[in-house]
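Reader: I'm new to looking at protein models. Could you walk me through how to read the links between side chains?

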Amino acid sequence: NSETVEQCIPCPAGRFREDIKGKSLEDCMKCPPRTYNSKEGSSSIVDCLRCPAGTFSLEAGSTSCICVTPSE
C-alpha cells in the first residue's frame, strides 16, 4: 500500500483548530484576549474560557489568567 498517513499535530494550550484538515501548528488559532485555554488539542473556540472574575488575560493565546491586583 503506497498511501501514507499524516500525523496531526495537536494544538498547544492557548490555541484551537476548527479545520479538521489542519495538521500543523500554523493551522491553530489563538484564543481571543480575555479568554484562556489550559488544555492542548482543542478543536473549538468554545474551549477558550472566559477569565474568572478578578482575573484577566490581555494576550491572545493565553494558557491562564492572572489576578487583578487592586491599585493602592
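Predicted model: local features only at pLDDT ≥ 70, side-chain atom pairs only at ≥ 80, totals over all residues.

Reader: Thanks! And how should I read a disulfide?

Author: The general idea is that a disulfide is a covalent bond between the sulfur atoms of two cysteines. In this model the count comes to 3 disulfides. Take Cys11 and Cys28, with sulfur atoms 2.0 Å apart. The torsion about their S-S bond is about -95°, so this disulfide is left-handed.

Reader: Which parts of the chain does the pair Cys11 and Cys28 tie together?

Author: Cys11 sits in the segment before β1 and Cys28 in the loop between β1 and β2, so the pair ties together parts 17 residues apart in sequence. Both Cys11 and Cys28 are buried.

Reader: What about Cys31 and Cys48?

Author: They are joined by a disulfide, S to S 1.9 Å. Cys31 lies in the loop between β2 and β3, and Cys48 in the loop between β3 and β4.

Reader: What pattern do the disulfides follow along the chain?

Author: Counting bonded cysteines along the chain, the pattern is 1-2, 3-4, 5-6. Cys67 is in no disulfide, and the nearest cysteine sulfur, that of Cys65, is 9.5 Å away. Cys67 is exposed, with a relative accessible area of 57%.

Technical notes:
Residues numbered from 1 in each chain as written. Heavy atoms only, no water. Disulfide = S-S within 2.5 Å. Helix = DSSP H or I, 4+ residues; strand = E, 2+ residues; numbered from the N terminus. Buried < 20%, exposed > 50% of the residue type's maximum accessible area, 1.4 Å probe, protein only.
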